[in-house]
Amino acid sequence: MSSVDAHPTIVYPHYVRALDEEKAQLPSSFPREYSEEFQHILPKLLQRGFHILTKLNNQKGNLSNISKNFVLSHPHIHVVILRRALDGAVIYLAYVGSHVQGPSGFMHGGATAALLDDCVSSAVLLSGPFAMTVQMNVQYRKPVPLNSVVIVEGYVEQTNGRKTVAGGKMYHPDGALYAEATLLFVRPRLVEPKM
Ligand SMILES: CCCCCCCC/C=C\CCCCCCCC(=O)SCCNC(=O)CCNC(=O)[C@H](O)C(C)(C)COP(=O)(O)OP(=O)(O)OC[C@H]1O[C@@H](n2cnc3c(N)ncnc32)[C@H](O)[C@@H]1OP(=O)(O)O
């Protein structure tokens, strides 16, 4: 039984199936130099208790809904998703390419927010019932260089009825903080996910 199966309330059965079907691999589309960087970072994340869920680029079959995800299907953002069963924290180990630009040479703040939202949403969705972001506050601490690897971490802070407060951080692999966010999720009265 996978850690996700332990949460029967999850309303994304195709994600759960996907977790069983997909094996931990780096997407073949990763630029070679970043694949090497990822291979260097991954063992440290595994040591912290995270395990790789899946590659999400080039999905097929019942992953097709996930493949429409704006962040995870972006041609210039490559993501490997990891999760820690102990507390449900999720990491997106991501390579940010050249076409995600805001200020010259740096990542667009909206893209930073989208990556944070997506990662934190994954932590929320994989740990409980369907919920949607209704509020997000992002603190931008340092500009994120294009063509670089970032680590995004998402975690649930507390759930109270239909509301969940969650947080996220984006940082350089050396630990320098790029951005952090606090989010509020609400489980809709009627749950009809079509993702
Ligand atoms: C292959 C392996 C797989 C690996 C695993 C990967 C898994 C994951 C993969 C990929 C995941 C990535 C997924 C990406 C997702 C990204 C996240 C988004 O972008 S979400 C889109 C943007 N958000 C919206 O569009 C919401 C729009 N809002 C709404 O539709 C409604 O507000 C809704 C349905 C959420 C709630 O409406 P109501 O009618 O059900 O609920 P009411 O009664 O209004 O509110 C309930 C409580 O929440 C508070 N509330 C509602 N909105 C609030 C707000 N904005 N601020 C503060 N409080 C709010 C209310 O005051 C109320 O509180 P009181 O119960 O009275 O205490």
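Buried residues make up 34% of the 195 residues in this chain. The model is a predicted one. Its chain holds three helices and seven strands. Read along the sequence, they follow the pattern α-α-β-β-β-α-β-β-β-β.

Helix α3 covers residues 109-127. It has 19 residues, and 15 of them are buried, so by the count of buried residues α3 is mostly covered. At 1.5 Å a residue, the helix should span 27 Å, and its end C-alpha atoms are 27 Å apart, which agrees.

**The strands β5, β6 and β7**

Now look at the end of the pattern. Strand β5 spans residues 148-160 and strand β6 spans residues 163-171. Strand β7 spans residues 177-186. The table sets out the two pairings that involve β6.

| Pair | Sense | Bridges | Residues between strands | Turn glycine and phi |
|---|---|---|---|---|
| β6 and β7 | antiparallel | nine | five residues | G175, about 105° |

T164 is the bridge partner of T159. T164 also stands opposite F185 in β7.

**A closer look at A179**

A179 lies in strand β7. Is A179 buried or exposed? It has 23 C-beta neighbours inside 10 Å, and the cut-off for buried is 20 or more, so A179 counts as buried.

Which residues does A179 touch, leaving aside its neighbours within four places in sequence? The contacts are T112, L116, V138, Q139, Y140, R141 and M170. T112 and L116 fall within the residue range of α3, 109-127.

A179 and G109 are 70 residues apart along the chain, yet their C-alpha atoms are separated by 9.5 Å.

In a regular strand, side chains alternate between the two faces of the sheet.

**The annotated domain**

An unreviewed UniProt entry carries the annotation "domain: Thioesterase" for residues 105-177. In the model, this span is 26% helix and 44% strand. The end C-alpha atoms of the span lie 18 Å apart.

Notes
Residues are numbered from 1 along each chain as its sequence is written. This is a predicted model: local features need pLDDT of at least 70, side-chain atom pairs count only at pLDDT 80 or more; totals for chains, interfaces and linings use all residues. Helices (H or I, at least four residues) and strands (E, at least two) are DSSP runs, numbered from the N terminus. A residue is buried if 20 or more other C-beta atoms lie within 10 Å of its own, exposed if 12 or fewer, and partly exposed in between; C-beta atoms are placed from the backbone. Two residues are in contact if their C-beta atoms, placed from the backbone, lie within 7 Å. UniProt positions are given in the numbering used here, feature names are shortened, and annotations may be inferred rather than shown by experiment. The expected span of a helix is 1.5 Å times one less than its number of residues. Two strands pair if DSSP finds at least two bridges between them.
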